[in-house]
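Let's take a walk through this structure together. Have a look at the chain first, and then we'll go through it piece by piece.

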Amino acid sequence: MEAPIPHEIMNRMLSGYWSTQALYVAAKLGLADLLIEGPRSIDDLAQATNTHAPSLYRLLRGLASMGVFADVGNARFTLTPLAECLRSDLPGSQRALAIMGGEEHYQAWGELLYSVQTGKTSFDKLYGMPIFEFLSKNIEQAKVFDAAMVGVHGRETTAMTDAYDFSDVKVLADIGGGNGSLLTTVLTKYPHMKGILYDLPGVTERATVSLSAAGLSDRCQVMGGNFFESVPAGADAYLMRHIIHDWDDEKATTILRHVHQVLPSHGRLLVVEGVIPPGNTPCFGKLLDLTMLTLPGGKERTDDEFRTLFKSAGFHLSRIVPTSAEVSIIEGKKQ
Ligand SMILES: C[S@@+](CC[C@H](N)C(=O)[O-])C[C@H]1O[C@@H](n2cnc3c(N)ncnc32)[C@H](O)[C@@H]1O
């Protein structure tokens, strides 16, 4: 088969937002959940979702053309492996990610030009406040954000525990630990280990519920606070996954300095993020970087940039451990 010509590739790239919004609408309507028991007719689905049946048919036909749902005849649709990703009842569900992507993220990307022209976050321009403040004031969106983090980063957890040996960590602090899904996996794998989950107070309320449901309340302390003011003492390893990339160098250095203040001399810093490769190498992080530009105001970094950042907070970068996912474990020790 002949390779597509640049014109065709460009057409596909330019219509990227079509799939973002089609997937968003399917996720928002909960269509995948409605098909768990088996195929259903368009009329039935339209009634269940309070939508216009002929238009819902067009949505599902379009999605089926990309392998998401399938028409089994007589305007009846069924799940496919891709559509299963939008079910809300499966571990690692990407339904919340599709919803978040089609709402705040879509809006912020719609103002990418503003961010490129000014270097400022388009999210603040649109919503009048920084994203984490917005989430603290909008509980429904905050719950979607927590779940979306599992959808986008959940697969990284096993990749991290496969690649990195945590066996000599006694107490692991997960700074900005979100809903606790990462700590749940690590503490379950290492029964001797204790944990500290630290995040903004509203987030920790939700994390307390999920850690307790996982039976980890007695091994994991949950603490609410602001990492720009301090981080809790008491751990010998401080892990931050997708935290440092949310912030510019100045703010990231402040967080790392707070870790430095409480880290014992033998302790370690574990930053879990993508490391941007040089040159034109394709890399998810090179576009995720634009999400960081438009939403929180952070950035993805190269290994040299991590080295410099660590140094500015009193750490030396001891090693970068790659994983089978898009992230590496960037380990730091006190200088
Ligand atoms: C991109 S999410 C990453 C969540 C989690 N570490 C993961 O890998 O899924 C960033 C986290 O930082 C938390 N956060 C943001 N600002 C914070 C602050 N000032 N102090 C503490 N946590 C904060 C957010 O609530 C959120 O849970």
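Predicted model: local features only at pLDDT ≥ 70, side-chain atom pairs only at ≥ 80, totals over all residues.

The chain splits into two domains: domain 1 covers residues 6-88, and domain 2 takes in residues 105-334.

Now for the ligand. Which residues are closest to it? They are Met-149, Gly-176, Gly-178, Phe-227 and Arg-241, part of a set of 17 residues that surround the ligand. Sort that shell by class and you get 8 nonpolar, 6 polar and 3 charged residues.

One of its partners is H2, which spans residues 16-29. How do these two meet? Their axes come within 8 Å and cross at roughly 125°. Because of that angle, H2 counts as oblique to H7. The crossing is left-handed. On the H2 side, the residues involved are Thr-20, Gln-21, Leu-23, Tyr-24, Ala-27 and Lys-28; on the H7 side, they are Arg-95, Ala-98, Ile-99, Gly-101 and Gly-102. Put together, the contact of H2 with H7 has 5 nonpolar, 4 polar and 2 charged residues.

H7 brings Ala-96, Leu-97, Ile-99 and Met-100 to the contact, while H12 brings Val-144, Phe-145, Ala-147, Ala-148, Gly-151 and Val-152. What classes do these residues fall into? The contact of H7 with H12 has 9 nonpolar residues, 1 polar one and no charged ones. Notice that Ile-99 of H7 turns up in the contact with H2 and in the contact with H12.

The last pair is H15 (residues 249-262) and H17 (residues 303-312). Their axes come within 9 Å and cross at roughly 55°, so H15 is oblique to H17. This crossing is right-handed. From H15, you'll find Asp-249, Ala-252, Thr-253 and Leu-256, and they meet Leu-309, Phe-310 and Ser-312 of H17. By class, the contact of H15 with H17 comes out as 4 nonpolar, 2 polar and 1 charged residues.

Note on methods: Residues numbered from 1 in each chain as written. Domains from an automatic or database assignment. Near = placed C-beta within 6 Å. Nonpolar A, V, L, I, M, F, W, Y, C, P; charged D, E, K, R; others polar. Axes fitted to C-alpha atoms, helices over the stretch in contact; angles between N-to-C directions. Helix = DSSP H or I, 4+ residues; strand = E, 2+ residues; numbered from the N terminus. Parallel < 35°, antiparallel > 145°, perpendicular 65-115°, else oblique. Left-handed = near helix turned anticlockwise from the far one by under 90°. Contact = placed C-beta atoms within 7 Å.
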